[in-house]
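Keep the model open beside you as you read.

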Amino acid sequence: MIDIIRNTLRILFRKKGRTFLTIIGISIGITSVILISNISQCGSSALSDEIDGLGMGGLTVSLKNNSAPLTKKELKTIQSLPYVEYAMPIMFENTDVYVRDEKSSVYLWGINQYAKDVISLNLIYGRFINAGDIKSTSKICLVDQKFADSHYGTDNIVGRKIIIINNGISDEYKVVGILKTGSGLLQNMMGTYIPNFVYIPYTTMQTTIHSSNYSQIAIRLKSNIDSEKAGKDIIKTIERNSNVHDVYTVTNLAQQKENLNNIMNIFTIILSSVGAVSLLVANLNIMNVMLVSVTERTREIGIKKSIGASSKNIIAEFLSEAAILSVMGCVCGIFCGMIISLLGTLALGLTFKPRIDIIIFTMLLSIITGSIFGIYPAVKASKLKPVDALRTY
């Protein structure tokens, strides 16, 4: 076996240019598949982190219509359920703020002191909204890092004041904390389509709009709880206590995130399949190279068979050439694909998470198909008769 491999390498490097081009063709196919799968995996992971960072990793209760309110009564009902870890009221609206007489569009959230436990807010400067702020309806706010940078050129603006327009009323709010929601990937990619976030006590928002109702109730379940069953039970419990039906709805945001990831995986498979076609085309080149090699080495094959080489020896020699070409192409393709993927994720600020399963599958596919495409030339070479082969040249 060692002699076959040594002889195969000697033969391959006898025609360096042809061998190099064949390996390049295979490696390009491998690289394309790996790049597609890694880009999809990193993008899916980043999108999932962004959704979690925006507070979309649990359940939310909202209204289908305005025939019934969403109030403190429903909040207490949800909080009393044994599988609910946190439940908090949420109010929100699209509005404008003024910073240094410059107007900016923001998404205004009314939250309470438990927001950091429900929507995964990451505080980088200052403090969170506390129970005292909720009780006293304080005019304080939290802003995200991008908002601070865009208006002040620095991410620490704790103590500064901004004017928030809430329900058409302009009020001055003091910034008490700076938040980082996710990595900012969605905002960087979609720009003004996703506004900056500003958070204020929900009681302050209620006082301004003269309403005691909530827009939604955000829920974080305890670990190992089936979110779909919990959502159905929450609706039944609220309807039973309020004696109102077909008004409340639960949105399972964790399930939506999972569905989005499934869609991303489908796209990954489809695009990887397209890349696999290019890989198959590249491996077809192995057959062409091997057929040319059979023609060029007809006399050599005749000599080997005349001195005792069997058909199996000839087949093994040619198959080993095809397999070695495939392996060398795989190694180069995997190396290039991983390096390019790593550099791309570093440039975009993403976490590098390669799809090991697709890499292994692609490698096996390349080696198997390369070997299969080498069978016909190998069999053709093995069937040459020594006398005919020696007479050819």
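1. Let us begin with contacts. Among the contacts in the protein with a separation of 6 or more, 78% are between residues 24 or more positions apart. Please keep in mind that this is a predicted model.

2. Now for the overall make-up. You will find 15 helices and ten strands in the protein. It has 393 residues, and 44% of them count as buried. The accessible surface comes to about 19900 Å², with 60% of that belonging to carbon and sulfur atoms.

3. Next, have a look at helix α6, which spans residues 145-152. Its buried residues are Phe147, Ala148, His151 and Tyr152. These four sit on the same side of α6, because they cover an arc of only 95 degrees around the axis. In general, an α-helix has 3.6 residues a turn, so residues three or four places apart point the same way.

4. What covers that buried side? Strands do part of the work: β2 (84-99), β3 (102-111), β5 (140-144), β6 (161-166) and β8 (196-201) are included in the cover over the buried residues of α6. Just after this helix, Gly153 takes a positive phi of about 75 degrees.

5. Finally, turn to the surface. Ile356, Ile360, Leu364, Ile368, Ile372 and Ile375 form a nonpolar patch there, and together they have about 530 Å² of accessible area. Helix α13 (residues 356-373) gives the largest share of this patch, with five residues.

Methods
Residues are numbered from 1 along each chain as its sequence is written. This is a predicted model: local features need pLDDT of at least 70, side-chain atom pairs count only at pLDDT 80 or more; totals for chains, interfaces and linings use all residues. Side-chain values use heavy atoms; hydrogens and water are left out. Patches are made of residues with over 30% relative accessible area and no salt bridge: like charges are joined within 9 Å, nonpolar side chains (Val, Leu, Ile, Met, Phe, Trp, Tyr) within 5 Å. Accessible areas come from the Shrake-Rupley method with a 1.4 Å probe; for residues, only the protein chains shown count as cover. A salt bridge is a side-chain nitrogen of Lys or Arg within 4 Å of a carboxyl oxygen of Asp or Glu. Helices (H or I, at least four residues) and strands (E, at least two) are DSSP runs, numbered from the N terminus. Buried means under 20% relative accessible area, exposed over 50%, partly exposed in between (1.4 Å probe, protein chains only). The arc is that of the directions from the helix axis to the C-beta atoms. Contact means heavy atoms within 4.5 Å.
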